[in-house]
Amino acid sequence: MKEKVYAVVDLETTAPVNKGGKIIQIGIVLVQKDKIISTYETDVNPKEIISNTIVQLTGISHRQLFNAPSFKDIAEKISKLLFNTVFVAHNIHFDYHFLNAQLKEAGFPELDNQKLDTVELAQIFFPTASSFRLSKLTKELNIKHNHPHQAGSDAYATAELLLKIKKKITQIPNKILEKIVALSPALNVDNDLFIKELLLKRKEKIACSAEQMLVNELVLQKQKVETY
């Protein structure tokens with residue numbers, strides 16, 4: 001069976017899609033077999049003036065976008081790149097719905113991909129992080145992220161985050177992961193399928209560590225007994 005390809009996507013835009021926003025930059029990082037296999041990024045000319053707020057946030061200038069392709073020019077390439085992939089984004093509802101709106105406007109079919117949201121996955125598997133904003137989360141997890149709010153850098157950092165989440169899941173004892181899977185139907189988009197698939201792929205069960213104990217089907221951390 002062919003290994004799934006995860007397409008990690010990030011967009012920079014002029015405004016939210018419901019306020020007539022347009023894409024000004026797109027980054028896509030393809031991940032397969034736990035490796036980044038290719039990247040794609042481009043500026044996109046929105047055919048309109050972008051606000052100073054967006055210029056300051058992203059560092060993307062009017063001059064930079066002047067000779068960039070329009071979204072219609074790259075829509076076919078984007079559609080082909082994302083075909084038959086698992087669509088991944090940090091706050092997927094923004095990127096997935098925005099991209100679908102732009103594809104539809106350009107005359108291309110909307111995406112119907114399996115979807116993963118790394119915000120929610122990070123909340124589950126790195127619950128003690130101080131923030132789940134991409135820039136802060138990558139810093140805490142020692143993920144290289146040189147240019148926040150640049151689509152290529154954000155997509156690459158999110159791809160690295162996905163790989164860290166996947167690695168963390170592979171290290172979790174079966175009893176804990178089974179409990180997470182039992183609760184997973186309440187999760188966002190297709191995050192539940194992702195976790196279930198990783199559990200089913202296990203060739204060997206992972207037992208609780210010496211620091212953990214099983215109490216009434218719950219895995220608990222053993223308390224250290226202080227001696228004086």
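**Exercise 1. The setting of D192**

In which helix is the place of D192? Determine also whether D192 is buried or exposed, and which residues it touches.

*Solution.* The structure is a predicted model.

Step 1. Locate the residue: D192 belongs to helix α9, which covers residues 191–200.

Step 2. D192 is buried, yet it has no salt bridge. The nearest side chain of opposite charge is that of K196, 4.1 Å away.

Step 3. List the contacts. With residues up to four places away in sequence set aside, D192 touches S184, P185 and L187.

**Exercise 2. The largest pocket**

Describe the largest pocket by its volume, its central residues and the elements that line it.

*Solution.* Step 1. The volume of the largest pocket is about 460 Å³.

Step 1. Its lining consists of 19 residues, and D10, L11, E12, H149 and D154 are the closest to the centre.

Step 2. Two or more lining residues come from each of β1 (5–13), α1 (52–58), α4 (92–105), α6 (134–140) and α7 (151–171). Strand β1 gives the most, with four residues.

Step 3. By residue class, the lining of the largest pocket comprises six nonpolar, eight polar and five charged residues.

**Exercise 3. The second largest pocket**

How many residues line the second largest pocket, and which lie nearest its centre? State also how the lining divides by residue class.

*Solution.* Step 1. The second largest pocket holds about 320 Å³ of space.

Step 1. It is lined by 14 residues; nearest the centre lie D34, K166, T170, L198 and K201.

Step 2. Helix α7 supplies the largest share of this lining, namely five residues.

Step 3. The lining of the second largest pocket divides into nine charged, four nonpolar and one polar residue.

**Exercise 4. The chain as a whole**

Conventions: Residues are numbered from 1 along each chain as its sequence is written. This is a predicted model: local features need pLDDT of at least 70, side-chain atom pairs count only at pLDDT 80 or more; totals for chains, interfaces and linings use all residues. Side-chain values use heavy atoms; hydrogens and water are left out. Buried means under 20% relative accessible area, exposed over 50%, partly exposed in between (1.4 Å probe, protein chains only). Lys and Arg count as positive and Asp and Glu as negative; His and the chain ends are not counted. A salt bridge is a side-chain nitrogen of Lys or Arg within 4 Å of a carboxyl oxygen of Asp or Glu. Contact means heavy atoms within 4.5 Å. On a 1 Å grid over the protein atoms alone, a cavity is a set of points where a 1.4 Å probe fits but cannot get out, and a pocket is an open set with protein on both sides within 12 Å along at least five of seven lines; lining residues have an atom within 4 Å of a point. Grid points are joined across faces, edges and corners, and a volume is the space filled by probe spheres set on the points. Ala, Val, Leu, Ile, Met, Phe, Trp, Tyr, Cys and Pro count as nonpolar, Asp, Glu, Lys and Arg as charged, and the others, Gly among them, as polar.
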